[in-house]
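Subject: Structure handover

Hi,

Here is the structure I promised to pass on.

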Amino acid sequence: TTFSDLSLDVTSSGPSLAALGDVFGIALPNSEPYSLETRVTGGGGKFTIADASAKVGGSDAAGNIVLDTASAVTGLTMTLASQRLDFKDLGLDEGSGTSTSNSDGRLFSAEPWPLDWLKQIEGEITWPVGTLVRGGASAQDVAFALAIHKGAATLKYVKANIEGGTI
């Protein structure tokens, strides 16, 4: 189906992102309850998701997303901001959505992440986060920009305050 001059106000909420994924036939993690509000406009495979506001548990994100699905590889420009982002809320913490402390103190696990979807996207993600929480570790004033090209993600920049230091 091809849409032209599409303009939708979208509101959704549910018990978990997994329930939302079921609607679209994609696998999303078992998360805390979510709510989402946004406006979708566009047509011909090019869409803007504007003024998006999402909450998943105690985590939040707001911003804009531009998608170009007219080509074999989806174009993506995503600019979001969060006050708090907790991997546990998103169902991305170890133990299928339950928080566990990292005994080695790292913010991210050494386990590989499933990133095959990167081969289907070309674009850039920019996302400042006030507080990023993963297991027993947290970082403040986090910001990063990620470029995605030909299946590879390149971290253009990252900054964060962790335990009194800055990276």
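Predicted model: local features only at pLDDT ≥ 70, side-chain atom pairs only at ≥ 80, totals over all residues.

**What I found**

Residues are numbered from 1 along each chain as its sequence is written, and side-chain values use heavy atoms, with hydrogens and water left out.

**The overall layout**

The protein chain has 1 helix and 9 strands; helices (H or I, at least four residues) and strands (E, at least two) are DSSP runs, numbered from the N terminus. Along the sequence they come in the pattern β-α-β-β-β-β-β-β-β-β.

Some totals: buried residues are 33% of the 167 in the protein chain, where buried means under 20% relative accessible area, exposed over 50%, and partly exposed in between (1.4 Å probe, protein chains only). Of the contacts with a separation of 6 or more, 44% link residues 24 or more positions apart; a contact means heavy atoms within 4.5 Å. The chain exposes about 10000 Å², and 57% of that comes from carbon and sulfur atoms. Those areas are from the Shrake-Rupley method with a 1.4 Å probe, and for residues only the protein chains shown count as cover.

Strand β7 (residues 137–149) pairs with strand β8 (residues 152–162) in the antiparallel sense, over 8 bridges. His 149 faces Ala 152 of β8. The two strands form a hairpin with 2 residues between them, and Lys 150 in its turn has a positive phi of about 50°.

Next, β8 pairs with strand β9 (residues 165–166), again antiparallel, over 2 bridges. Here Ile 162 stands opposite Gly 165 in β9. This hairpin also has 2 residues between its strands. Glu 163 lies in the loop between β8 and β9, and has a positive phi of about 50° although it is not a glycine. Is Glu 163 buried or exposed? It counts as exposed, at 80% relative accessibility.

For background, most residues other than glycine have a negative phi. Another residue to look at is Asp 5, in the segment before β1: its phi is positive, near 55°. Asp 5 is exposed too, with a relative accessible area of 75%.

**The helix**

Which residues of helix α1 (residues 17–24) are buried? They are Leu 17, Ala 18, Leu 20 and Gly 21. These cover an arc of only 155° around the axis, which puts them on the same side of α1; the arc is that of the directions from the helix axis to the C-beta atoms. The buried residues pack against β1, β2 and β3 (46–56). On the face turned away from them sit the exposed residues Asp 22 and Val 23.

Both ends of α1 have something to show. At its start, a side-chain oxygen of Ser 16 comes within 3.1 Å of the backbone nitrogen of Ala 18. After the helix comes Gly 25, with a positive phi near 70°.

**Two buried strand residues**

Thr 38 sits in strand β2 (residues 34–43) and is buried, at 10% relative accessibility. A polar atom of its side chain lies 2.9 Å from the backbone oxygen of Ala 50. Leaving aside neighbours within four places in sequence, the contacts of Thr 38 include Leu 8, Val 10, Ile 49 and Ala 52.

Leu 132, in strand β6 (residues 121–134), is buried as well, at 8% relative accessibility. Leu 132 and Phe 87 are 45 residues apart in sequence, yet their C-alpha atoms are 8.0 Å apart in space.

Cheers

Conventions. Pairing = 2+ DSSP bridges. Polar contact = N/O pair within 3.5 Å; in protein donor to acceptor, adjacent residues only side chain to side chain.
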